[in-house]
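Here is a short report on one protein chain. Take a look at the model, then read on.

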Amino acid sequence: MAEYRVLVVDDDPDIRNAIEIYLRIEGISVSKAADGQEAIRKVREEEVHLIVMDVMMPNLDGIQATLKIRENCNVPIIILSAKTEDHDKILGLNIGADDYIAKPFNPLELVARVKSQLRRFTGLGTQQIDRGDEQEIEVRGLVLNNRRKKVTLEGEEIRLTPTEFHILKLLMENTGRVFAIDEIYERVWKEPAFQPENTVAVHIRRIREKIEFNPREPKYVKVVWGIGYKMEG
């Protein structure tokens with residue numbers, strides 16, 4: 001993964017340097033920022049493929065920085081924070097983060113999460129030209145083009161994060177099938193599920209907000225209470 005660059009944003013230089021060491025061992029290039037303002041500037045000036053974002057920082061915290069970055073950039077963002085309460089995790093996911101790791105963290109787990117997100121983002125961002133099938137899936141005006149990694153609704157493009165795209169792709173490829181929350185997590189995040197309910201639910205809610213006319217009465221992504229979610233055909 002030597003061609004990929006990760007932006008590590010944390011006001012603690014020891015943490016920035018430690019993460020850099022572990023990522024460089026894996027052949028991943030690292031850029032560093034000490035606060036949210038510097039992170040926003042680097043995203044504008046550099047090619048960044050993933051961001052590891054601390055929450056509590058001076059000048060501009062990670063929440064506000066993530067909101068600003070998400071206005072124009074869909075690269076994966078992993079929130080890194082000492083806050084472990086569910087509502088803080090949900091807040092991070094709600095504002096557009098793709099994953100969340102609590103401090104103190106296991107460096108090997110962080111590296112594994114980074115590599116997993118980079119693999120998904122690579123699939124979304126590939127520039128290879130496929131002369132074959134467009135690999136389109138259509139469900140009542142909702143179209144997912146797997147080659148172009150593009151989703152449109154009634155002809156209008158819908159901007160999704162890499163994680164949102166892969167969840168939607170899983171559901172659209174299996175219209176009518178009910179997926180348990182654990183299975184969605186394991187198939188999209190590519191790791192064993194451990195209390196994934198909030199993580200999956202937040203991503204499903206974000207998808208609904210983007211593709212549903214009325215997210216409270218969805219016509220595409222339906223919940224099957226006590227089981228999971230499905231794409232209505």
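A residue counts as buried when its relative accessible area is under 20%. By that cut-off, 49% of the 233 residues of the protein chain are buried. The model is predicted.

The chain holds eight helices and 12 strands.

Some overall values follow.

| Property of the protein chain | Value |
|---|---|
| Box filled by the C-alpha atoms, along the principal axes | roughly 50 × 45 × 30 Å |
| Accessible surface | about 11700 Å² |
| Distance between the centres of the positive and negative side-chain sets | 3 Å |

Carbon and sulfur atoms account for 48% of the accessible surface. The charged side chains number 35 positive and 40 negative.

Now the interior. In soluble globular proteins, nonpolar side chains tend to be buried together. The largest nonpolar core here has 28 residues, and Leu142, Leu168, Val221 and Met231 touch the most other members. Several elements each supply at least two residues of this core, among them strand E7 (142-145), helix H8 (197-211) and strand E12 (228-231). Helix H6 (162-173) is another such element. H6 gives the largest share, six residues.

Which residues does Leu168 contact, leaving aside its neighbours within four places in sequence? They are Leu142, Leu144, Val151, Leu160, Ile207, Ile211 and Met231.

A second, separate core has 22 residues, including Ala39, Ile51, Ile69 and Ile79.

Methods
Residues numbered from 1 in each chain as written. Predicted model: local features only at pLDDT ≥ 70, side-chain atom pairs only at ≥ 80, totals over all residues. Heavy atoms only, no water. Helix = DSSP H or I, 4+ residues; strand = E, 2+ residues; numbered from the N terminus. Buried < 20%, exposed > 50% of the residue type's maximum accessible area, 1.4 Å probe, protein only. Areas by Shrake-Rupley, 256 points an atom, 1.4 Å probe, with all protein chains shown as cover. Lys, Arg positive; Asp, Glu negative; His and termini not counted. Charge placed at Lys NZ, Arg CZ, Asp CG, Glu CD. Core = buried A, V, L, I, M, F, W, Y, C linked by side-chain atoms within 4.5 Å. Contact = heavy atoms within 4.5 Å.
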